[in-house]
Each structure stands twice: as structure tokens, then as C-alpha cells.
Amino acid sequence: MFNKVIMMGRICNDLELKTTPTGLSVCSFRIAVDRNYQVKGEEKKTDFFNVVAWRAAAEFVVRYFAKGRMILVEGEMQTRQYTDKNGTPATWYEIMAERLSFTGEKSSAPEPPPLPPEPPQYANNNTTAQQSKPPSPDFTDTGSDDYPF
């Protein structure tokens, strides 16, 4: 059997790292995922998914992500049965995150200051200082689809 979920969406809530009584790190959050299609004349629909990250994954998401940030979640969909406050049996769906990734979205944090300019290079003993450059590969078109290596 196979159970693999891959979703990309925006984090819907503030992230909080919790610790179990046995010392394991855990973080639960929701992501909002827009649907790929839209019915003409209607607003685009969004689905919401519960995500749970454990151990290093939980620490990673709390450290590098925040509410509103885009995230890629890979994991396994799981269900839990419970009884709601009215005594009705219900099912809880959640993604057990195995891998969390950046999406390439630019952060709203200010950019770091530019690096200072490099000091000038001076010639020693009346010789000219030269910068060594790696040789550029010679990619001549041979007309075939073979790679040059």
C-alpha cells in the first residue's frame, strides 16, 4: 500500500513548538491550499489541511516559517477517530509531515547589507597580479543530442 501526500500552501496560524512529556518536539498547524480550477463567475476555492511535524521537522518549521508563509509539505495522510462535544463520532484528518521545504517565495524580511568591496590587489616585484579563472568548457555543437561529457 502507498500513502504519500505533497501539498504547497500558506500557513494559517501562528506556530508554536510544544514538547511532549517524553521530551519530543511537536508542532501542529494548518495550511491553506488554493484549488487549481475556478468556476467562471465564482471565487477561487481554498482547502485547509491539518499538519503535524515531529522532532527536527517541528523545530525546523518553527524556526524558519511563520503565519502567512508558503510551505511545501510532504508526508502521510492519517485519520483519528474521536467523539465530539455533542457525543457524535467524528474523524480527524491530518498530514504527518516527513519533509518540509521552502518554496522559493521571497521573504518579507529586510535584505542583509551588501558585502564590503574586496581590497585592491597589488603587484609584487614589478610583476602584474593576475586573477586565476577556471578554463571555460568548449561546448561546440556537434549536431548530435549527446552530452559533451
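I began with accessibility, for which I take buried to mean under 20% relative accessible area, exposed over 50%, and partly exposed in between, with a 1.4 Å probe and protein chains only. By that scale I read Phe102 as partly exposed, because its relative accessibility is 45%.

Before going on, I note that this is a predicted model, in which local features need pLDDT of at least 70 and side-chain atom pairs count only at pLDDT 80 or more, while totals for chains, interfaces and linings use all residues. Residues are numbered from 1 along each chain as its sequence is written, and side-chain values use heavy atoms, with hydrogens and water left out.

**Overall layout**

I looked up the secondary structure, taking helices (H or I, at least four residues) and strands (E, at least two) as DSSP runs numbered from the N terminus. Of its 149 residues, 23% count as buried. With contact meaning heavy atoms within 4.5 Å, I find that residues 24 or more positions apart account for 56% of the contacts with a separation of 6 or more. For the surface I used accessible areas from the Shrake-Rupley method with a 1.4 Å probe, where for residues only the protein chains shown count as cover; the protein exposes about 12600 Å², and carbon and sulfur atoms supply 52% of it.

**Aromatic pairs**

Rings of Phe, Tyr and Trp (its six-membered ring) pair if their centres lie within 6.5 Å, and planes under 30 degrees apart count as stacked, over 60 as edge-to-face and the rest as tilted. The structure holds five such pairs. I class Phe60 and Phe102 as edge-to-face because their ring centres are 5.5 Å apart and their planes stand at 75°. This pair joins distant parts of the chain, since Phe60 belongs to helix H1 (residues 55–64) and Phe102 to the segment after strand E6 (89–101), 42 residues apart. Phe60 is partly exposed, at a relative accessible area of 24%.

Which kind of pair do Phe65 and Phe102 form? I read the pair as stacked, because the centres are 5.0 Å apart and the planes are at 20°. Here too distant parts of the chain are linked, with Phe65 in the loop between H1 and strand E5 (70–83) and Phe102 in the segment after E6, 37 residues apart. Phe65 is buried, with a relative accessible area of 6%. Ring pairs link Phe60, Tyr64, Phe65 and Phe102 into a cluster.

Leu100, in strand E6, counts as buried at 10% relative accessibility. Beyond its neighbours within four places in sequence, Leu100 is in contact with residues including Phe29, Ala53, Phe60 and Ile71. From Leu100 to Ile71 I note a C-alpha to C-alpha distance of 7.0 Å, at 29 residues apart in sequence.

Leaving aside neighbours within four places in sequence, its contacts include Lys4, Val5, Ile6, Met96 and Arg99.
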